[in-house]
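Colleague: I have just opened this one and would be glad of a guided tour. Could we go through it together?

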Amino acid sequence: MTDPHVDRDILDTLREVMEDGYRELLETFLADSESRLHELQDSTSAKALSDVAHSFKGSASNMGAIRLAALCQDLESNAKEKSPEALAQLVADIHSEFADVRPVYENEKHPAHTH
Amino acid sequence: MQAQEPLTILIAEDSAADRLLLSTIVRRQGHQVLTAANGAEAVDLFRRQQPSLVLMDAMMPVMDGFEAARQIKLLAGETLVPIIFLTSLTESEALVRCLEAGGDDFLAKPYNQVILAAKIKAMDRLRRLQATVLQQRDLIARHHDYLLNEQRVAKAVFDKVAHSGCLNAPNIRYLQSPYALFNGDLLLAAYTPAGDMHVLLGDFTGHGLPAAVGAMPLAEVFYGMTAKGYGLAETLREMNAKLKRILPVDMFCCATMLCLSFQRRSVEVWNGGMPDGYLHRMATGKRVPLPSGHLPLGILSAEAFDDHTDVHPMASGDRIFLLSDGVIDTSDANEQLFGVERLQQVFAANREADRLFEDIEQALRDFGGEARDDVSMVEVSLLEYAAAQTPAPVYSDSGQSSPLDWSVSFEFRGSTLKRFNPLPYLLQLLLEVHGLRAQSGALYSVLAELYSNALEHGVLGLDSSLKRDAAGFALYYQQRNDRLEALQDGFVRVHLQVRPRGEGGCLLIRVEDSGKGFDVAKVMARPLEGLRLSGRGVGLVRQLGHNACWMDEGRSACVEFFWGIEA
């Protein structure tokens, strides 16, 4: 069954690549994402929003958070064209998508966990 | 695939998770990793640690990846430090910016470690290739400098040798590329002890240092033997033998050699492989070709070498023109050669004899030939004779051992007279006497005159009056060769007697021959200043020596030289 939020194959690869560093990678991603979300909240210009969304998209895609990456891509590409209301909505969607996937990554931190 | 050497790789990425992931992947591939969170850190790390390769995020705070890439490329200079941009940039405009900033490749997110490994490997190959190219370029540059310097030194040494002669004499005009030496052209000129002038225009096969190396011994032989009084035949023989000995088989030297005698008003020519030279007779305006009749120097063995020369009479003002094949082999855009006919058209159109070189150069330009740097031309004219005025050679001995009381007699017989020229040897012997050195020119002229009189008019019985006109001149030398070839008997005796006299000394020269003699009284009756083609050189001997007299019906000639206290 494919998960539209998290690409499990990417997580498998990351676990394999990172070995003992996997947990640190997850923690780093979560902490990094928190600060990106704050930056999105604080950004006032379309350009700033687009830049933060670009970086967030990069790490989200690396970590297999495919829907989060897609939302960030939308924000990065269309920040200039969207109305303030639409932007606020998109940022809110990003927040909630992160809230949705967060437990997946938290859960991955437990070494015994297998799929 | 061969195992890759570990590299130091700089990763510049502002996202902590991506940085951690990437550095783990790269480290696991066996490389050393340096990490930077923004462009400024990246430039700083690059400056301090000189990594071999950079993975660079485009969008970073403080300094973005584009600017960092530019600065790193600037710092790297000629060394190739590949920069792979890490980007999820999709717009082509952004990708172009990466390339313009000096990026060499891209890596898209999410990272794929197999592709990353392949890209690092490919970039490393490129980096090594560039390093090899730079190394070889520097090597070539060093070799080139080295070679240029060697050529400069060789040219300086050679110029010293080549210009020790008399190329600046008033009767010589020449045109040569300043680097003629390195295209194999060689021009030499020097006075003989008798005041004749030897000129050689040579053209070595091959270029550059090999030609210069061959030119050195050729020049040494030319100057050395000319100064000692050797004639063309002996000098050419020696040059040929020397070049034959030292040059590789595919190298030789085409050459024309002249002996211009102001006193005899004649030119002796040997041409081996050079284009026709020309004797320009001013009285008639005719140009007598001086064609090649021999193989170049350095090909034939000493036994097979032919030193036969041609002798032509010259009038005062007549000119001899020699040229290298660079002139007639100049080609135009269609590879047509300038050729001898065009050269003769230039001769025909030439109005001012003094502007011949310029006319030829202009014709070469008009011909549309590519300018060649191996065009050599020389023109030598016959001046009025002024008694031998060559500078006395420099000697290195002290004079303490100068022999002052001796006599010696030689008898040169038939077969010896055919080939052997005793004059250089006799002159060298006499110049052991320091007091005679100041008058070596006059001494040699007189000895040469007496010896050739004894041989040609005495032993060979040649009629000097033949030489009154050009046709007779040619006949004279034809007979000389024939009779010399057939010579069985006969002799020339040379007696030399040196005696101290007061603070100085006296040399008595007596030359006898086995010929029929001549009417001394009749010849002596001629006016002294009549230095003509014929007349047995009696005038010359009387002018240059003391107490000249002829006895035994002209078969025996005596002359004296005196010297005073040595300076």
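Below, we talk through the predicted model in questions and answers.

Colleague: Which element gives the most to the side of chain B that touches chain A?

Modeller: Let's look at that side as a whole before naming the element. The contact takes 18 residues from chain A and 15 residues from chain B. On the chain B side, these divide into 8 nonpolar, 4 polar and 3 charged. With 7 residues, the element that gives the most there is helix 1 (residues 16-28) of chain B.

Colleague: Turning to chain A, are helix 3 and helix 4 roughly parallel or roughly antiparallel?

Modeller: The axes of helix 3 (residues 46-62) of chain A and helix 4 (residues 66-78) of chain A come within 8 Å and cross at roughly 155 degrees. An angle over 145 degrees counts as roughly antiparallel. Therefore helix 3 of chain A is, relative to helix 4 of chain A, roughly antiparallel.

Colleague: And how many nonpolar residues does the contact of those two helices have?

Modeller: Helix 3 of chain A passes helix 4 of chain A in a left-handed crossing. The residues making the contact include A:Leu49, A:Ala53 and A:Phe56 of helix 3 of chain A, and A:Leu68, A:Cys72 and A:Leu75 of helix 4 of chain A. By class, the contact has 2 charged and 4 polar residues, and the nonpolar ones number 8.

Colleague: Back in chain B, which residue is the bridge partner of B:Leu258?

Modeller: Strand 9 (residues 253-261) of chain B pairs with strand 10 of chain B in the antiparallel sense, over 7 bridges. Strand 10 (residues 266-272) of chain B is mostly covered, with 6 of its 7 residues buried. In strand 10 of chain B, the partner of B:Leu258 is B:Val269.

Colleague: Which residue stands opposite B:Ser266 in strand 13 of chain B?

Modeller: Strand 10 of chain B also pairs with strand 13 (residues 310-313) of chain B. That pairing is antiparallel and runs over 4 bridges. Opposite B:Ser266 stands B:Pro313.

Colleague: Which strands stand at the edges of the open sheet in chain B?

Modeller: The sheet has 5 strands in the order 6-15-14-11-12, with antiparallel pairing. Each edge strand has a single partner strand, so one side of each is left without a neighbour in the sheet. The edges are strand 6 (172-175) and strand 12 (287-290) of chain B.

Colleague: Which helix packs on that sheet?

Modeller: The helix touches strand 6, strand 14 and strand 15 (377-381) of chain B. Its direction makes about 160 degrees with that of strand 15 of chain B. The answer is helix 10 (residues 356-367) of chain B.

Terms used. Residues numbered from 1 in each chain as written. Chains lettered and ligands numbered in written order. Predicted model: local features only at pLDDT ≥ 70, side-chain atom pairs only at ≥ 80, totals over all residues. Axes fitted to C-alpha atoms, helices over the stretch in contact; angles between N-to-C directions. Helix = DSSP H or I, 4+ residues; strand = E, 2+ residues; numbered from the N terminus. Parallel < 35°, antiparallel > 145°, perpendicular 65-115°, else oblique. Left-handed = near helix turned anticlockwise from the far one by under 90°. Contact = placed C-beta atoms within 7 Å. Nonpolar A, V, L, I, M, F, W, Y, C, P; charged D, E, K, R; others polar. Buried ≥ 20, exposed ≤ 12 C-beta atoms within 10 Å, placed from the backbone. Pairing = 2+ DSSP bridges.
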